[in-house]
Amino acid sequence: MGVTETMRAVRIAKHGGPEVLELVEVAVPTPRAGEALVRVSAVALNNTDLWTREGAYGRPGDPTALSGWRGPIDFPRIQGADVAGRVVAVGAGGDESLIGRRVMVDPAIYDNAGPDANPVGLMGSERDGGYAEYVTAPVERIHDVTDSPLTDDQLATLPTAYGTALGMIERGRVRKGETVLVSGASGGVGLALIQIARARGAKVLAISGGRKIDAVREAGAHAVLDRARDLTGQIRKAAPEGIDVALDVVAGALVSDGLPLLREGGRWVVAGALGGYDVSLDIRRLYLHNAQVIGSAMHTPTHFGLLVDLARQAEIQPVIAATFPLSDAARAQEQLARREHVGKLVLHP
Ligand SMILES: NC(=O)c1ccc[n+]([C@@H]2O[C@H](COP(=O)([O-])OP(=O)(O)OC[C@H]3O[C@@H](n4cnc5c(N)ncnc54)[C@H](OP(=O)(O)O)[C@@H]3O)[C@@H](O)[C@H]2O)c1
């Protein structure tokens, strides 16, 4: 199989800036019973890589505490949630027919074995991730996409961004013909939300920054609203009847200003807080209109199954903004933080 004993990996041993990313030579992990060893061919970056490295998630009761999304990180930790690669070994007693298959890894660690389980951990955060030549994962989290027309780079862009987008769209119960509002539209999750909501027959209003408006429209948005200008005015004009579902990774003032723009029975799905986590809202606008605010963390196993189907049928076309060698992980994260690109950044171990 040609698996060497050591591998190159990029890991963090503490929270901090890009300088805490260290390129190291470590032992190739051994797959335990029920696990497989995957040779990583592509690993995509996500905003969570930055927040995990910085410790930017806070803790209940202490919003400025240095923390991973589920609490303290067990250092040293190899980052990277989004892996595409090939299975090179399986743990004792495992199904050897998996060896050689091209796979996409579901990075979630779930709270139970059921199809609607909640994600309570993430590869690259609660277990070692894919900023490395090899990674292990439980066999049930490894999905065979050998025959997908998508490239390995494209497959690597799917788990977190498209998984999160599918989770939001499913939890928000987006239906054909409904009007949806997408924030952070030029980002990884935002572009995925536009593509999937559009494919489901929704009318998509996307909020983005000035220079990326063309790219967001190209992804399928019916209208693009400029977040540098009066947003509520633009939303009212684009959707005079109101919004059915907001798919929001920005939150902050957008929630307070936007909630009154929901239609009767509307849903406001939040999966990020780039614009601020301390949100105030007029609660009357919620109960008087049977509106719902829905928190959405990643995806369930059922949502990930839908994503694997999309990948196999290539019903989505992920956009790659740039690729980097593993040794340039810090430079790639710096580029992600600048947010001047459109699409996903991918590392090649
Ligand atoms: N809940 C979950 O399971 C989950 C999973 C994945 C990601 N997330 C969260 O979702 C968010 C987006 O993730 P991502 O990977 O898509 O990030 P990303 O690729 O960096 O994209 C974020 C986009 O949001 C916009 N934006 C950035 N800062 C903003 C601000 N202060 N105010 C308004 N808009 C801003 C930018 O678009 P424009 O310049 O075009 O406006 C940017 O392209 C992050 O907060 C991330 O932590 C949550």
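In what sense do β6 and β10 pair, and over how many bridges?

Author: The model is a predicted one, and the description below should be read accordingly. β6 and β10 pair in the antiparallel sense, over three bridges. Within this pairing, V103 has D144 of β10 as its bridge partner. Strand β5, residues 82–90, is also joined to β6 by three bridges, and these two strands run antiparallel. There, R102 of β6 is the bridge partner of R86.

The side chains of β6 itself, residues 102–105, may be taken next. R102 and M104 point one way from the strand, while V103 and V105 point the other way, and all are buried.

Beyond its neighbours within four places in sequence, M104 is in contact with V83, R141, I142, H143, V145, L155, L158, P159, F304, L307, V308 and A311. In soluble globular proteins, nonpolar side chains tend to be buried together.

The loop between β10 (142–144) and α2 (152–156) holds D147. D147 is exposed because its relative accessible area, 69%, is over the 50% cut-off. The C-alpha atoms of D147 and A42 lie 17 Å apart in space, although the two residues are 105 residues apart in sequence.

Conventions:
Residues numbered from 1 in each chain as written. Predicted model: local features only at pLDDT ≥ 70, side-chain atom pairs only at ≥ 80, totals over all residues. Heavy atoms only, no water. Contact = heavy atoms within 4.5 Å. Helix = DSSP H or I, 4+ residues; strand = E, 2+ residues; numbered from the N terminus. Buried < 20%, exposed > 50% of the residue type's maximum accessible area, 1.4 Å probe, protein only. Pairing = 2+ DSSP bridges.
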